[in-house]
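Here are my notes on the model, as numbered points. Please read them with the coordinates open.

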Amino acid sequence: MKVHVILIFMFLWASQLSAQPSTPTPAIPQRVISMAPNLTEMVYDIGAEEQLVGVTDFCKFPPAAKSKIKVGGWINPNYEKILSLKPDLVLALQFHGQAVENLKKLKVPLLVLDCQTVQDILNAYDVLGKKLGHEKDAKRGKEAIQRRLAKAEELAKKHKLVNVLFVIGHSPGTLDQLYGVGPRNFVDEMVTLMGGVNILADAKEPYPLISKEQLIKRDPDVIIDSIPSSEMNPKQLKEERESWKKFSLLKAVRENHVYTLTRDDFLIPGPTMAGLAEYLSKIFREVGK
């Protein structure tokens, strides 16, 4: 009798447990807005583009992203447009600062990511894959980048180190207001991984202004001048290249090792950064052999 009662009690207890409400699985966002070009690239790379309803004015890669509804710029988004799209998730970067605070006040669901370094970018794949319900595709995309980086890095071990100046901007037609890549960013990491020594690695800012005197003193072996092709016609690009000839004191100029990078997408901290690694690896091998 006692055994029978105990069995009934155990059955009722188990039934009660099974009847307890389980923690609901968070719904996968279906109306996503990207507030940065690199996040847009990653969303496409993990196969979640159908969930993307809005992007910034600067989201041009992949080309299909141009057809998405625009929600303004990086730091000056159109909040009315964002709200009108009724997003269940907005993807942003820590870089956005005040825009993130404004969106929080508007009660907009947010996922804020950090994509300053290579590892940050790879980690973002894991987070986005899980959040958007594309974990397998995110894993595939992440591993594809890692394979390309590893292959380029292995080739870098076969040549001597080269001193590099990576330029991210200067006054059109001149070399005034010359800004280069400093420390604490993914481009600096790429230069190092591919066998380069960034001559501005000791700068206080990630993208410092470099004087002509400082440039002559540091005398790089290689100069990479990044000029977005979308902002220049062929004639202007030629003039930009010619402007470096004024610096014949520089080793990179004398030995014809000034390279113009016109691939806008290579400087986006996302899947296309693997293309930057391969581009740098090829140049550094030629110069450092």
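1. How many bridges join β4 to β5, and do the two strands run parallel or antiparallel? Four bridges join them, and the strands run parallel. Within this pairing, Ala-92 has Val-112 of β5 as its bridge partner. Strands here are DSSP runs of E of at least two residues, helices are runs of H or I of at least four, and both are numbered from the N terminus. Two strands count as paired if DSSP finds at least two bridges between them.

2. On sources: this is a predicted model, in which local features need pLDDT of at least 70 and side-chain atom pairs count only at pLDDT 80 or more, while totals for chains, interfaces and linings use all residues. Residues are numbered from 1 along each chain as its sequence is written, and side-chain values use heavy atoms, with hydrogens and water left out.

3. The β4-β5 pair belongs to an open sheet of five strands with the order β3-β2-β1-β4-β5 and parallel pairing. The edge strands are β3 and β5 (110-113), each of which pairs on one side only.

4. Two helices on this sheet deserve a look. Helix α2 (residues 37-45) lies across β1 (32-34), β2, β4 and β5, and runs at about 125° to β4. Helix α4 (residues 98-105) packs on the sheet, where it touches β4 and β5, and its direction makes about 160° with that of β5. Axes are lines fitted to C-alpha atoms, for helices over the stretch in contact, and angles run from 0 to 180 degrees between N-to-C directions.

5. Why is α2 described as largely enclosed by the rest of the structure? Because eight of its nine residues are buried, where buried means under 20% relative accessible area, exposed means over 50%, and partly exposed lies in between (1.4 Å probe, protein chains only). The buried residues are Pro-37, Asn-38, Leu-39, Thr-40, Glu-41, Met-42, Val-43 and Tyr-44. They pack against β1, β2, β4, β5 and α5 (118-131). Gly-47 follows α2 and has a positive phi, near 80°.

6. With strand β7 (residues 179-180), β6 pairs in the antiparallel sense over two bridges. Val-167 is bridged to Asp-225 in β9 and to Gly-180 in β7.

7. The largest nonpolar core has 50 residues, and those touching the most other members are Phe-166, Met-190, Val-222, Ile-224, Leu-276, Leu-280 and Phe-284. Helix α11 (residues 273-288) gives the most to this core, with seven residues. A second, separate core has 14 residues, including Leu-165, Leu-175, Leu-178 and Ile-210. A nonpolar core is a set of buried Ala, Val, Leu, Ile, Met, Phe, Trp, Tyr and Cys residues joined through side-chain atoms within 4.5 Å.

8. Helix α7 (residues 186-193) packs with α11 at an angle of about 40°, with the axes 9 Å apart. That makes α7 oblique to α11; angles under 35 degrees count as roughly parallel, over 145 as roughly antiparallel, 65 to 115 as roughly perpendicular and the rest as oblique. The contact (heavy atoms within 4.5 Å) is made by Phe-186, Val-187, Met-190 and Val-191 of α7 and by Met-273, Leu-276, Ala-277, Leu-280 and Phe-284 of α11. Leaving aside neighbours within four places in sequence, Met-190 is in contact with Val-118, Leu-149, Met-273, Leu-276, Ala-277 and Leu-280.

9. Most residues other than glycine have a negative phi, and most peptide bonds are trans. A cis peptide bond joins Phe-61 and Pro-62, with omega about -10°; Pro-62 is in the loop between β2 (52-55) and β3 (69-70).

10. Lys-86, not a glycine, has a positive phi of about 50°. Lys-86 is in the loop between α3 (79-84) and β4 (89-93), and is exposed at 62% relative accessible area. Asp-219, also not a glycine, has a positive phi of about 40°. Asp-219 is in the loop between α8 (212-218) and β9 (222-226), and counts as partly exposed at 25% relative accessibility.
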